[in-house]
Each structure stands twice: as structure tokens, then as C-alpha cells.
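Subject: Structure handover

Hi,

Here is the structure I said I would pass along. Have a look at it first, and then read my notes below.

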Amino acid sequence: DSYVTQSGEELSTRRIKAVLREIVDAEDARHPLSDDDIKSALAERGFPIARRTVAKYREKLGIPIARLRKK
């Protein structure tokens, strides 16, 4: 499965999910990142995907929303 950017670049959804997992694992548990923050972090790493796509992948990975990740 892959995701194609507006520039036509193909990105592996598996790779995007791996990076999303890394971002969430590295976040401050007292201030978890919102889907919008995760979207920005992914874009900085070269994965320009929509916030709703972030939400979809986060759910598929079994990662709860920010409010529920707060420790």
C-alpha cells in the first residue's frame, strides 16, 4: 500500500505509520501531540499527509487520541 503526494512522489504507508509511531513514542506524555501536531511533525520529516489521514493511521496502529495518552 502506498500514498502518493501532490508532487507524485510515492510513500509507503508502512513507512509513514512507522514514523508516526516514532513521533508518538518520543512525545512528552504530559503534553501529548494532537493529530495536527503529528501531521506537522510528519511533514517536517517529508511525509505531507492530511490530518484525517494521521487520525486514520493512528487508529489503525491502536494509538489513542492525545487526551487519552496524557499521563
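I call a residue buried when its relative accessible area is under 20%. By that cut-off, buried residues account for 34% of the 71 residues in the protein. Keep in mind that this is a predicted model.

On the overall fold: there are 4 helices and 2 strands, and from the N terminus they come in the order β-β-α-α-α-α. The C-alpha trace spans about 40 × 20 × 20 Å along its principal axes. The radius of gyration is 12 Å, which agrees with the value near 11 Å that a compact globule of 71 residues would have. If you take the contacts between residues at least 6 apart in sequence, 51% of them join residues at least 24 apart.

Now the inside. The largest nonpolar core has 14 residues, and Ile16, Leu20, Ile38 and Leu42 are the ones that touch the most other members. The elements giving two or more residues to this core are α1 (13-26), α2 (35-44) and α3 (51-60), with α1 supplying the largest share, 5 residues. What does isoleucine 38 touch, leaving aside residues up to four places away in sequence? The list is Leu20, Ile23, Val24, Leu33, Val54 and Arg69.

As for charges, the protein has 16 positive and 12 negative ones, and their mean positions lie 5 Å apart.

Cheers

Technical notes. Residues numbered from 1 in each chain as written. Predicted model: local features only at pLDDT ≥ 70, side-chain atom pairs only at ≥ 80, totals over all residues. Heavy atoms only, no water. Core = buried A, V, L, I, M, F, W, Y, C linked by side-chain atoms within 4.5 Å. Buried < 20%, exposed > 50% of the residue type's maximum accessible area, 1.4 Å probe, protein only. Contact = heavy atoms within 4.5 Å. Rg over C-alpha atoms; globule rule 2.2 N^0.38 Å. Lys, Arg positive; Asp, Glu negative; His and termini not counted. Charge placed at Lys NZ, Arg CZ, Asp CG, Glu CD.
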